Amino acid sequence: MNVNEIFERIHSYIFDELLAGVGIEQHTLTQNAAAVLVVTMLLGLLLGFLGWKIVRVWAAIAGFFLGFSAGVFVSALAGIGGNGILIAGLVAAIVFAVLGAVLYRAGVFLVILFSVFSLCIQIIDPQSWIVLILCLLIALAAAILSIRYVAVLTILATGIYGASVAGNALYGLLPLNGELIRVIIFLILAAGGIAVQLLLESKKQKTASLKKAEQIREERSAANDVERARAVIENLDRNKK
């Protein structure tokens with residue numbers, strides 16, 4: 001089984017099986033499909049503008065999709081068919097989702113891995129194992145770097161990927177065509193999302209710094225009070241003598 005066949009099976013289970021009930025058809029925008037695009041756009045906006053703020057939530061979501069894809073992928077390689085491949089995907093999805101939500105560092109790792117890997121697939125469109133592995137290596141490199149640069153990489157990855165998700169959904173809702181429009185929408189959303197996240201992080205860091213400074217002032221004030229009290233006691237002792 002080659003990479004294209006495995007991708008087709010993953011696509012089939014994610015889109016054909018799981019989304020069959022909402023009436024989405026290729027090149028056809030039904031009422032249900034429009035509703036799904038609106039929800040997708042909102043999720044993309046939340047990811048792009050609040051990726052770092054609620055990273056544990058996105059970690060659980062990223063873990064679910066990564067786990068499901070990994071379960072389906074491994075099952076397909078093992079030649080499992082029928083409901084077995086779906087069960088394996090769901091079990092792996094639940095395990096990854098829980099790990100992402102509970103373990104902070106693991107969650108950030110999964111968010112970066114999922115975001116960068118998805119972006120690479122969208123941009124490169126792998127048609128062979130070599131290109132697919134290249135996308136995975138790029139995503140892994142970014143996820144490993146996030147151990148050192150947690151906030152910055154998370155903001156960049158979620159801001160760009162959120163803009164991609166929301167932008168594509170918004171473009172699908174608009175009665176307009178043209179790649180230039182799609183690119184403009186993406187650039188506006190990406191710049192806005194990253195800017196908002198950086199602003200929120202800056203305010204968070206400023207608040208934390210002010211609290212730390214206040215704590216230091218209180219500790220120094222308490223220490224000074226102790227020193228003054230000790231000096232008064234020592235003076236009283238000397239006066240008694």
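Predicted model: local features only at pLDDT ≥ 70, side-chain atom pairs only at ≥ 80, totals over all residues.
Residues are numbered from 1 along each chain as its sequence is written, and side-chain values use heavy atoms, with hydrogens and water left out.

I then searched for aromatic pairs (rings of Phe, Tyr and Trp, the last by its six-membered ring, with centres within 6.5 Å; planes under 30 degrees apart are stacked, over 60 edge-to-face, the rest tilted), and the structure holds 5 of them. The pair of Phe73 and Trp129 is edge-to-face, because the ring centres are 5.6 Å apart and the planes stand at 70 degrees. Phe73 belongs to helix α3 (residues 55–78) and Trp129 to helix α6 (residues 129–145), so the pair ties together parts that are 56 residues apart in sequence; helices here are DSSP runs of H or I with at least four residues, numbered from the N terminus. I also recorded one aromatic cluster, formed by Phe64, Phe65, Phe114 and Tyr161.

For accessibility I use relative accessible area with a 1.4 Å probe on protein chains only: buried is under 20%, exposed over 50%, and partly exposed in between. Phe73 is partly exposed at 22%, and Trp129 is partly exposed at 32%.

Which residues of α4 are buried? I found Ile85, Gly89, Ala92, Ala93, Ala97 and Gly100. They lie on the same side of α4, because they cover an arc of only 140 degrees around the axis, the arc being that of the directions from the helix axis to the C-beta atoms. On the other side of α4, I list Asn83, Ile87, Ile94 and Val102 as exposed.

I next checked Ser164 in helix α7 (residues 150–173), which is buried at 8%. Leaving aside residues up to four places away in sequence, Ser164 touches Leu119, Gln122 and Phe186, contact meaning heavy atoms within 4.5 Å.

Last, I searched the whole structure for disulfides (pairs of cysteine sulfur atoms within 2.5 Å) and found 0. Cys120 is in no disulfide, and its nearest cysteine sulfur, that of Cys135, is 4.7 Å away. Cys120 is buried at 10%, and Cys135 is buried at 0%.

Note on methods: Helix = DSSP H or I, 4+ residues; strand = E, 2+ residues; numbered from the N terminus.
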